[in-house]
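User: I am new to beta sheets. Can you show me how to read them in a structure?

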Amino acid sequence: MIDKILSKRKHVMEFDRTAEPPSKEIVDSLLRRAWKVTPSKNNFMPYTINILGPEHQAEKDHLYRKSLDSEKYANSNNPVPDSHDQLNMPAYACIASCAYLLVFTDRWEDKPNPYQKMCWDELGVFHAPMTKDGVRSIGETVSLEVGMFATAFAGLCVDNGIDVSYTLNFRRNLDVWEDTWFINERPMLFMSIGTARVYREDLKQHGLYKGDLRPEYERIVKWL
Amino acid sequence: MLEKILAKRKYVMDYCSRTKIDKDIIRDLLHSAWAVTPSKNNFMPYKVHVVGPKQQMIKHKVFKKCMANEEAGDNINATQRYSKDQLPNYRNILSCSHLLIFTQRYEPDPNPFQKWLIDRGHNYPAADRNRIAECYSSAMLEVGLFAAAFGALCLEKNIDTSFTGCFPGDLKKWQDIDFVDQTPLLLMTVGIGKVYRQDIIQYTDLEKEDYKPNFEKVVNIL
């Protein structure tokens, strides 16, 4: 059953801007359920999910442009023309066209729970998420937990007929985000949700995407 | 339904060491997780090493690394911290049926589409042995996606899983386990739970107050 739910998820290249967006109540309810079932190391949940709703189109357009800039930056030694034109691919269009965009960022815990506080005060157990520098030093662990939250939330969304996409193509260093009022800590993941207009797998019918297969199972899972 | 299954997850302190999960079941669940987990540019920049019930020596080595890591991190003697009444953390590594060790992986043989893009100047550190450190953060995120899917699939079959993130991240400290040839990312244990953390938490009032941050702290609706 879970297999069937999770396999319903398909990467959305572009969402349908004319479709009725899921209500805030539904999105909030799905987020609460994901929050409830997602585990966290030492119960810190060291991330914030910043949500841009349908009324935040300017912010989504801004993030779309930032993702394009990021790709240009990553390929800055590239003398070849941008392949997006050749692919006719609306790269990151999912960011600009989604109903809701979730921006996951680092979060440090300024009010630890009583147990976490006792561990630090009396046992000397230091937990990195309890300081700003600490949480920045464990960015990879935060990423891992964000991935767990995202899987639970995506499963709940597709189970309710809502499409989701992930975007990881952006720069993580905070200094490039000074022009973005809602990103004050290091970004970890963009997740866009809404009703799909174009899935990536639809584009596979038309050419090169056909060869874009994931590595075989045996290359990822190694039995000892 | 999905929510109900996910809500069954409980952190396992100690597994029933006599109950081994059939290899074919674990293989099917891993295959399902592999099939449903998305990956940036389809690289899946990680590898899952599966340590089975007959490889107890490897589990012992991993357990010792975790204890040593805690001692170094907190500057304590773990033997003193864990009195005979307490289960040491990481006990689940010794008693689990299967231990999954996630490590980074670079792609030496990109798929045809990736090659087409690389030929057009696209820059993929995931396909370069010398640059995979640049993918560390995104590899961790993707491992989180995979581990959560695999955990959910296990729960549906009434199989417990737990995660361990406290281990030495420095590859040099893994030289005695030869298959760990890239940076370790996550330890995940699989089996049938015998002692759950929430059972132990009932021992003290203070430990009952080890709750997660409330929803509003984590979700910021702009």
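Analyst: We will go through the sheets step by step. This is a predicted model, where local features need pLDDT of at least 70, side-chain atom pairs count only at pLDDT 80 or more, and totals for chains, interfaces and linings use all residues. Residues are numbered from 1 along each chain as its sequence is written, while chains are lettered from A and ligands numbered from 1 in the order in which they are written.

User: What holds strands together in a sheet?

Analyst: Strands pair through backbone hydrogen bonds, parallel or antiparallel. Strands here are DSSP runs (E, at least two residues), and helices are runs of H or I with at least four; both are numbered from the N terminus. Two strands pair if DSSP finds at least two bridges between them. One open sheet has five strands, in the order 7(A)-2(B)-3(B)-5(B)-4(B), with mixed pairing.

User: Which strands does helix 7 of chain B touch?

Analyst: Contact means C-beta atoms, placed from the backbone, within 7 Å. Helix 7 (residues 136–156) of chain B packs on the sheet and touches strands 2, 3, 4 and 5 of chain B.

User: How many bridges join strand 3 of chain B to strand 5 of chain B?

Analyst: Six, and the two strands run antiparallel. B:Leu100 has B:Met188 as its bridge partner in strand 5 of chain B.

User: What is the strand order in the other open sheet?

Analyst: The order is 4(A)-5(A)-3(A)-2(A)-7(B), again with mixed pairing.

Notes:
Contact = placed C-beta atoms within 7 Å. Axes fitted to C-alpha atoms, helices over the stretch in contact; angles between N-to-C directions.
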